[in-house]
Amino acid sequence: MSATIKQLRAFVAVARTHSLAEASAQLHVSQPAISIAIRSLEESLGGELFSRDGRQLVLTPEGTQFVERAQQLLHNWDNTLDAVQQRFQLQHGQLSIAAIPAYALNQLPALLEKFHRRHPDINIVIEDIVMERVVSAVQDGRAELGISFRPDDLGNLSFTPIADDRFIAVLPAGHRLGKKKNLRWHDLAQEAFIAMNRGSAVRRWTDSAFAGCQPGAQAARLLCEANQLSTIGRLVQSGLGVSAVPSLCEEQMRGYGLVCKPLAEPEVVHQVGILTRSSGGLSAAAAAFKRIATAPSV
């Protein structure tokens, strides 16, 4: 039989006060309940912890040795409970997020500012990494939440949509296509095109859009490839060519002085959302952030 927390509390209270009556008052339980708890504890341990000296209860040598360890056990138990309660009350803890760079740069700061304002004691850890690594970070448990486009294969993950993202054209200032009211992928196929690296989701989507823009249309005139959307923006800014990027990046691209235009025929739309592991729940901090991120915009 194992000792219980109630038994340890009864034992320490009596050891401190040398009185069942005072221990009963401190713990707000009856004297018979205190007696039963100590008797059960002694039975579990195999010997007496107290001897009577007149009306007082006095620790036996074994009780004297045990009381310090019992106090330490209760101290550790109370500290553990307090730490867990602080996490549930968002007074302590950590929030780990892996996010695609386009979201981390353009949308995530405003959400984190709102989260931090409500929960200033939560430590925040951010990884801004490509979509494929966001997926693996959540799968492997390195990040509790991932923010990404919806993967083609969710595997053991769950996906909660935040918004729909539509691809836009990005053009250097003064480019002739900037005068057109409506742009098609076919229009971009006539220009030197700056693409994301092969193997990325964005590259698959742009290649598919060019292939499906119209029967017999020419392929994009690929000028160069880059690993980051921010690099693509700078290359377009230099006048090397044009590109198409998720609308997540629009504010960033306009910051580079680029012209941003909606793209049609076909319209390329993909969901952006939060990735979590399907099994197991979220920490209180992660659940609070998810509520903020998925709340309807006012």
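**Entry 1: the loop at Pro266**

I started with Pro266, which sits in the loop between strand 11 (259–264) and strand 12 (269–277). I keep in mind that this is a predicted model. What kind of peptide bond joins Glu265 and Pro266? I found a cis bond there, with omega at about -5°. Glu265 is in the loop between strand 11 and strand 12 as well. I read its phi next: the value for Glu265 is near 50°, which is positive in a residue other than glycine. I noted both features because most residues other than glycine have a negative phi, and most peptide bonds are trans.

**Entry 2: Trp185 and the cores**

I left aside its neighbours within four places in sequence.

Which residues touch the most other members of the largest nonpolar core? I noted Leu95, Ile147, Trp185, Leu188 and Phe289. This core has 71 residues. Strand 6 (residues 157–171) gives the most to this core, with seven residues. I then found a second, separate core, made of 21 residues. Ile34, Ile38, Leu49 and Leu59 are among its members. As background, I wrote down that nonpolar side chains tend to be buried together in soluble globular proteins.

**Entry 3: helix 6 against helix 12**

I looked up helix 6 (residues 108–118) and helix 12 (residues 284–294). Their axes are 10 Å apart, and the packing angle is about 125°. Helix 6 and helix 12 are therefore oblique to each other. Helix 6 passes helix 12 in a right-handed crossing. On the helix 6 side, the contact uses Leu108, Leu111, Leu112, Lys114, Phe115 and Arg118. On the helix 12 side, I listed Ala285, Ala288, Phe289, Ile292 and Ala293. By class, this contact of helix 6 with helix 12 has nine nonpolar and two charged residues, and no polar ones.

**Entry 4: helix 1 against helix 2**

Next I went to the start of the chain. Helix 1 covers residues 5–17, and helix 2 covers residues 20–27. Their axes come within 8 Å and cross at roughly 125°. Helix 1 and helix 2 are therefore oblique to each other. I noted the crossing of helix 1 and helix 2 as right-handed. Helix 1 brings Arg9, Ala10, Ala13, Val14, Arg16 and Thr17. Helix 2 meets them with Leu20, Glu22, Ala23, Gln26 and Leu27. I sorted the residues of this contact of helix 1 with helix 2: six are nonpolar, two polar and three charged.

What lies in the loop between helix 1 and helix 2? I found His18 there. Its phi is near 60°, again positive in a residue other than glycine. His18 has a relative accessible area of 30%, so I logged His18 as partly exposed.

**Entry 5: Ala13**

I picked Ala13 out of helix 1. Is Ala13 buried or exposed? Its relative accessibility is 2%, so Ala13 counts as buried. I skipped residues up to four places away in sequence, and Ala13 then touches Ala23, Gln26 and Leu27. I also checked Ala13 against Thr294, 281 residues along the chain. Their C-alpha atoms are separated by 49 Å.

**Entry 6: helix 1 against helix 3**

Helix 1 also packs with helix 3 (residues 31–45). I read an angle of about 105° and axes 8 Å apart. Helix 1 and helix 3 are therefore roughly perpendicular to each other. Gln7, Ala10, Phe11 and Val14 in helix 1 meet Ile34, Ala37, Ile38, Ser40 and Leu41 in helix 3. This contact of helix 1 with helix 3 divides into seven nonpolar, two polar and no charged residues. Ile34 and Ile38 I had already met in the second core.

**Entry 7: Leu229**

My last stop was Leu229, in helix 10 (residues 229–237). With a relative accessible area of 12%, Leu229 is buried. Not counting residues up to four places away in sequence, Leu229 touches Ala102, Met196, Val245, Pro246, Cys249 and Met253. I also compared Leu229 with Asp207, 22 residues apart in sequence. Their C-alpha atoms are 16 Å apart in space.

Technical notes. Residues are numbered from 1 along each chain as its sequence is written. This is a predicted model: local features need pLDDT of at least 70, side-chain atom pairs count only at pLDDT 80 or more; totals for chains, interfaces and linings use all residues. Side-chain values use heavy atoms; hydrogens and water are left out. A nonpolar core is a set of buried Ala, Val, Leu, Ile, Met, Phe, Trp, Tyr and Cys residues joined through side-chain atoms within 4.5 Å. Buried means under 20% relative accessible area, exposed over 50%, partly exposed in between (1.4 Å probe, protein chains only). Helices (H or I, at least four residues) and strands (E, at least two) are DSSP runs, numbered from the N terminus. Contact means heavy atoms within 4.5 Å. Axes are lines fitted to C-alpha atoms, for helices over the stretch in contact, and angles run from 0 to 180 degrees between N-to-C directions. Angles under 35 degrees count as roughly parallel, over 145 as roughly antiparallel, 65 to 115 as roughly perpendicular and the rest as oblique. A crossing is left-handed if the near helix is turned anticlockwise from the far one by less than a right angle, and right-handed if clockwise. Ala, Val, Leu, Ile, Met, Phe, Trp, Tyr, Cys and Pro count as nonpolar, Asp, Glu, Lys and Arg as charged, and the others, Gly among them, as polar.
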